[in-house]
Amino acid sequence: MPAVPVVRHVDDATVAQVAALADHAAAVDGYRFLSDHLWLDLASGGELLAAAVPGSDHLVAYAQASPASGGWTIEATVHPEHRRADDGLLAGVVQAVLDAVRHEGGGRVTWWTHDVSTNEISLAEKLGLTADRDLLQMRRQLPTGLPVMVETRSFRPGADEQALLDVNNRAFAQHHEQGGWLLDTLQRRVRQAWFDPDGIRLHERDGRLAAFCWTKLHDAANGGVAVGEIYVIAVDPDFQGLGLGKQLTLAGLESIEQRGVTAAMLYVDGANTAAVGMYERLGFSRARHDRAFGTILPPLVGD
Ligand SMILES: CC(C)(COP(=O)(O)OP(=O)(O)OC[C@H]1O[C@@H](n2cnc3c(N)ncnc32)[C@H](O)[C@@H]1OP(=O)(O)O)[C@@H](O)C(=O)NCCC(=O)NCCS
């Protein structure tokens with residue numbers, strides 16, 4: 001396959017084509033291939049590197065690299081109708097953005113695969129990327145039948161941002177993507193159509209925010225069911241191990257159910273044994289396995 005051109009900014013027409021590709025692929029795969037972070041960069045005209053293979057009236061393949069924590073995060077997909085004859089389409093777009101990152105000076109790249117396939121595992125190996133992280137999607141039906149034993153209240157926009165950021169950044173201090181949030185990181189999410197202040201449950205102790213559980217509802221799409229996600233849960237390190245993680249998860253699940261949604265899901269790092277164990281004991285089971293492949297790319301010299 002000839003080299004795929006890479007652009008740094010995507011025009012509105014291409015954004016619409018990527019959205020259509022994401023919708024079409026989601027109908028087959030059951031998930032959208034671009035995570036919030038990459039989608040927000042694309043939709044808001046942020047800095048990115050994008051490689052697209054056009055077809056007659058739709059995109060055939062697309063890969064995007066977005067800046068993340070001093071490196072780049074990549075996500076990619078091939079249009080479902082072109083997957084059987086995958087003659088290097090995925091390899092073509094992923095290779096193109098990797099090359100573009102080298103043009104930009106290189107650095108750490110992380111390619112996130114969703115429901116990781118043998119094709120992606122062998123492609124990662126060919127591209128010199130190694131498995132870095134596993135992310136599990138876990139699911140359960142609601143209601144849980146378990147009581148919420150702590151008091152929580154809704155998020156107050158304009159008043160609770162800093163306290164939430166402090167707890168988030170302290171709880172996720174070691175975490176590549178969820179840690180180090182800025183006010184802007186939070187506000188970009190608050191501005192999204194799905195944002196619901198009642199979907200963030202806050203628990204205070206000793207006059208300060210001790211823990212929060214942020215939920216996000218996903219509409220039923222393509223004959224599926226609506227799903228409520230435990231989007232972020234964080235307990236301040238000063239209050240961990242006191243049962244708040246479990247209680248705030250239950251409070252989040254209760255708020256999902258109160259909004260009429262009876263399926264719940266969450267993503268958790270496969271290495272976060274404390275959280276995985278907690279969710280299993282709360283009745284969640286593993287539904288999908290995503291994998292991040294990464295490497296540090298040297299800059300391209302002499303070009
Ligand atoms: C994961 C987290 C939410 C758990 O909250 P917590 O208040 O510390 O946990 P709890 O006290 O409610 O304990 C819940 C269960 O996990 C167990 N647990 C807690 N910390 C643990 C640890 N470090 N190792 C093993 N098990 C642990 C508890 O024994 C308890 O078990 P039980 O279900 O048998 O009662 C919290 O540690 C945290 O905020 N971590 C950083 C952010 C994070 O990882 N969020 C989850 C991302 S998906």
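**Salt bridges and backbone exceptions in a predicted model**

Good morning. I begin with Asp134 and Arg291, whose side chains meet in a salt bridge with an N to O distance of 2.8 Å. The pair links distant parts of the chain, since Asp134 belongs to strand 6 (residues 130-141) and Arg291 to strand 12 (residues 285-297), 157 residues apart. Asp134 is partly exposed, at 26% relative accessibility.

Some conventions are needed here. This is a predicted model, in which local features need pLDDT of at least 70 and side-chain atom pairs count only at pLDDT 80 or more, while totals for chains, interfaces and linings use all residues. Residues are numbered from 1 along each chain as its sequence is written, and side-chain values use heavy atoms, with hydrogens and water left out.

As for terms, a salt bridge is a side-chain nitrogen of Lys or Arg within 4 Å of a carboxyl oxygen of Asp or Glu. Helices (H or I, at least four residues) and strands (E, at least two) are DSSP runs, numbered from the N terminus. Buried means under 20% relative accessible area, exposed over 50%, and partly exposed in between, with a 1.4 Å probe and protein chains only.

How many salt bridges does this rule give? The count comes to 19 salt bridges. One of them joins Asp29 and Arg83, with the closest N and O atoms 2.8 Å apart. Asp29 lies in helix 1 (residues 12-29) and Arg83 in the loop between strand 4 (71-78) and helix 3 (89-103), so this pair ties together parts that are 54 residues apart in sequence. Asp29 is partly exposed, at 23%, and Arg83 is also partly exposed, at 29%.

I turn next to a network. Salt bridges link Arg153, Arg156, Asp160 and Glu204. Within this group, Asp160 pairs with Arg156, the closest N and O atoms being 3.0 Å apart. Is Asp160 buried or exposed? Asp160 is buried, with 4% relative accessibility, whereas Arg156 is partly exposed at 45%.

Finally, the backbone. Leu142 and Pro143 are joined by a cis peptide bond, with omega about 5°. Pro143 sits in the loop between strand 6 and strand 7 (153-154).

Which residues other than glycine have a positive phi? Among them is Asp115, with phi near 50°. Asp115 lies in the loop between strand 5 (107-113) and helix 4 (118-126) and is partly exposed at 41%. Asp206 also has a positive phi, of about 55°. Asp206 is found in the loop between strand 8 (200-205) and strand 9 (208-218), where Asp206 is exposed, at 69% relative accessible area.

Thank you.
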